[in-house]
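Please load the model in the viewer and keep the selection panel at hand. The stops below are given in the order in which they may be selected.

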Amino acid sequence: MQEILGLYPSWYVPTIGSAWVMGIIGTIHVLASHTSVGASWLFALLETKAVRENKPELMEYIKKYGVFLLVFSYIIGSITGPGIWYAITVASPKGVGGLIHNFVWVWAAEWVYFTVEVIGVYALVYLIGKIDPRTHLKLTWVFALASWATMLLIVGILSFMMWLGNENWYQTGSTLDAFFNLNFFAHLGLRTAFMFAIAGAVGGILAATMKNETVRTDITRFLAKMGLAGVFLGMIMWMWYVQTLPENAKIIMQTQLPGYIAPTLFAVLAATIIYFAWSAWKPLQLKQGFAVAMTAVIAIAGLWPEERSRESIRKPYVAGQYIYSNQTISRDVPGKQIESNLPLIAEKGVLATHPFVPETLRTITATNRLQAGEFVAKVMCANCHSMEASGLRPMVKKLQGSTDVEQIKAYLGGALYHGLIPYMPRIPLPEMERQLVAEYLASLSKHTMTLSQTQTHASNTLVMKGD
Amino acid sequence: MELNPHNIAATLQVLRDPAGIPSHPAVFQVLMVLTWVFHILFVNIALGSATLSLYGFTRRQEPQWERLSIGMTKAAKVSVSMLIVLGVAPLLFTQVIYDPQWYASNILSASWAIGFIFTLILGYSSWFIFYFKNHQGAKPAIIVWGIVGLAMFVLDGFIMHALSYQALLPEQWMEWYAPDGQVDMSGSTIHAWQAGRFLFFMAMSITVIGVFLKAYAHYYKVREDYAADYRNFVNLLGSKIAIVGLVLQLVTFVWWLLSLPEHLHGFANPMSWIIMVFLAAFALLLIKQADQHHQTSYKPLFYAAIMALLVAIFRELIRIQYMLPYGYDILDYKVMEDLPSTALFFLTFVGVGGLVGGFFLTAIYKAGRTQGVYQASKPVAKLADSAVGVMIVWIAIFFLVGIWVWLKNAL
């Protein structure tokens, strides 16, 4: 057994937590990238229509949307893509390391597509009217297929983050077993459906600016049909997707997600259907501001809670149900010669085995107890819990403001120690570290209580003074 | 156990990902070095063309400078896209074989790593605004957009430099993470940088934009709407800029060597001398040809690519040397061979990269050199059909293999 845990330093973000930083960048990327892939198919279908029916005026729209994409998807999307790597690197280094080392060649293949995609979008936009229409049409179709290929390749990695769905990969270590997991095809269907819907919504922003009314009507109806097809396909895929989720995800969906998420998502779904149906019925009434608002609604009220939920239901894991969100390895993976970290933690604790513990915390004294407890608590818990009174699943609220050290310690030594809570990692800290963490967590509640008493006192004083 | 020189080696070992790597480490090392060459060339072109376009903008009363400013604004716009996409590969391969160093460095300056993303978005957006506004008769105030864009690009270059450099100094990580024993998890500080190294890459941008201008003059030689006077002006300017860049590179390279730790013996490294001789010879060649402003070719750009390759090799050699005292050798990374995914990459690289990338680049190249509409020649039409074909075949194989594996595991 190793004597050192493979843990990195931690990055702690007060209140929102590093998980939200990752989530914000991820959501922006999903919006930009799905719009881009969906739009590439829209271009291919529209351009085929333009060539077959000899309607070159449709190309004007493709050019407009293409330039918009260059700014929207290829600035924001292409930066936030690697940006997600940076965000996961600093928030969850073992998580990203696990993904990189399992899927490096898949990611490298995606990079090939990503490169030709970026060259392709410039070629597509700037060669309209500069090369013959048939060659341009081929270019557009190749671009659409290459864009979709980037999605095919990333979805397998994202699905692996959720779970494998079977034991094979743990024994074989094969990338194919990891990639084509139980969740893969349903997840791919869901994202493919979403790309059509979001490209339809964003497309409205540009369609509304077309001067020629016939073209505007044609395109808006085309977008509406594509958007509706995406929404309905998405609903079917969602039902399939839920069936492919692990048990812990289903429990979290039923018991742990904020109550507003499901109604909000249904409201966004209904609004999207009405939006597309209405724009198909009255295409000329679609105004740019309204299309912008609809895109914003889908992004903020639809995509953000959806992405957050997807991250949440994966808990307590970040990848393949063998890496916990607190960066420890939760189980053996014989196919990759990976050993669980938990026996070492149970035997020696974090302070003795974490390579980035300062020497002053190696020996516990009366003066450094809280500091040591804080260190262990942040390493083991801060990926999902805020240590402040508010923010991401605040520890104080989760412990219901308890200041009882023994009570907290009993919790740490019970359900958490044995891994009995489906959405929490197993954290088998030795007795001494449970004591330190309990003291620290109790001190957080005391601090919050003192703060709120001070505030109440201050406001009472102000009222008495008549201010 | 403290993170001191005695156990850094053990820590670096244990920080490696336990899943191992799916092919021989040298494969990733070679790919990392080669892909970085393309990345850094586009970084140089982006920084150089952005600077030149702003300088040209200040002299836009002269038609040649105005035209060049507009052209370089476009070049910077495309180059930033390319440097991002081409940066993904070396970043990926670095994470494969140098994951302990890269991840630790990033976390210790995490706020800067995240800031990098948002400042790059800000800079690139600002540059796009400058691009949309920089046309004939543009208002002077728009230069502010360009200045903000360039400033952000330079800042982001500096952040990347610092993250790369910090990765080489594991003996200092603990002091940065817990100064005086007090743990700081904010990641709010840039802890180390090396002026000579950073300025060397800035100077390289001057050289590369110089030879890029010479290639630009050559590319538009066949276009009648690009007058000979303008092309000669660009070609001559390119030579002058490249010569200045090479001299500055020599100076900053020596500075870089002087900043290296003693045990690296920078001046005893044969690669150092190969680079210095190459830079000097390149400069002399350009000085010799400086007055031949009618003569254009892609050769100087090719030489710049060789220079970038030499620098990439040197950069990797000194990283190996930096890691020697800690016994970190990529060659002992655990290998868990995975042939199917290895084949996926190489076949995609050759098939899709070659045919699809080849088709896109050929179309852009040919259309750019044609006045009016370019009618695809037979070979180009065939290339287009092959690109469509390879995509259909690739997707078909992907689904066939996928369904087979999925059923095998699900049933």
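Is B:Trp176 buried or exposed, and how many other C-beta atoms lie within 10 Å? Before selecting this residue, note that the model is a predicted one.

**First stop: B:Trp176**

Select B:Trp176, which belongs to helix H7 of chain B, residues 170–177. B:Trp176 is buried, because 20 other C-beta atoms lie within 10 Å and a residue counts as buried at 20 or more. Next, display its contacts beyond the neighbours within four places in sequence: these are B:Leu108 and B:His191. B:Trp176 and B:Phe359 are 49 Å apart in space, with a sequence separation of 183 residues.

**Second stop: the domains of chain B**

Colour chain B by its domain assignment: domain 1 covers 5–181 + 193–337, and domain 2 covers 338–411. The centres of domain 1 of chain B and domain 2 of chain B, taken over C-alpha atoms, are separated by 29 Å. Where the two domains touch, domain 1 of chain B contributes 9 residues and domain 2 of chain B contributes 6 residues. On the side of domain 1 of chain B that touches domain 2 of chain B, one finds 4 nonpolar, 4 charged and 1 polar residues.

Now select chain A, which contains 17 helices and 2 strands. Its C-alpha trace spans about 85 × 70 × 35 Å along the principal axes. Of the 467 residues in chain A, 57% are buried. Among contacts in chain A with a separation of 6 or more, 78% join residues 24 or more positions apart.

Within chain A, select helix H4, residues 133–162. H4(A) has 30 residues, and the distance from its first C-alpha to its last is 44 Å, close to the 44 Å expected at 1.5 Å a residue. H4(A) is mostly covered, with 25 of its 30 residues buried.

Finally, show both chains together: 82 residues of chain A are in contact with 85 residues of chain B. Several helices of chain A give two or more residues to this contact, including H1 (17–52), H2 (57–91), H4 (133–162) and H13 (369–381). Which helix supplies the largest share of the side of chain A that touches chain B? That share, 23 residues, comes from H3(A). By class, the side of chain A that touches chain B comprises 54 nonpolar, 21 polar and 7 charged residues.

How values were computed
Residues numbered from 1 in each chain as written. Chains lettered and ligands numbered in written order. Predicted model: local features only at pLDDT ≥ 70, side-chain atom pairs only at ≥ 80, totals over all residues. Domains from an automatic or database assignment. Contact = placed C-beta atoms within 7 Å. Nonpolar A, V, L, I, M, F, W, Y, C, P; charged D, E, K, R; others polar. Helix = DSSP H or I, 4+ residues; strand = E, 2+ residues; numbered from the N terminus. Buried ≥ 20, exposed ≤ 12 C-beta atoms within 10 Å, placed from the backbone. Expected span 1.5 Å × (residues − 1).
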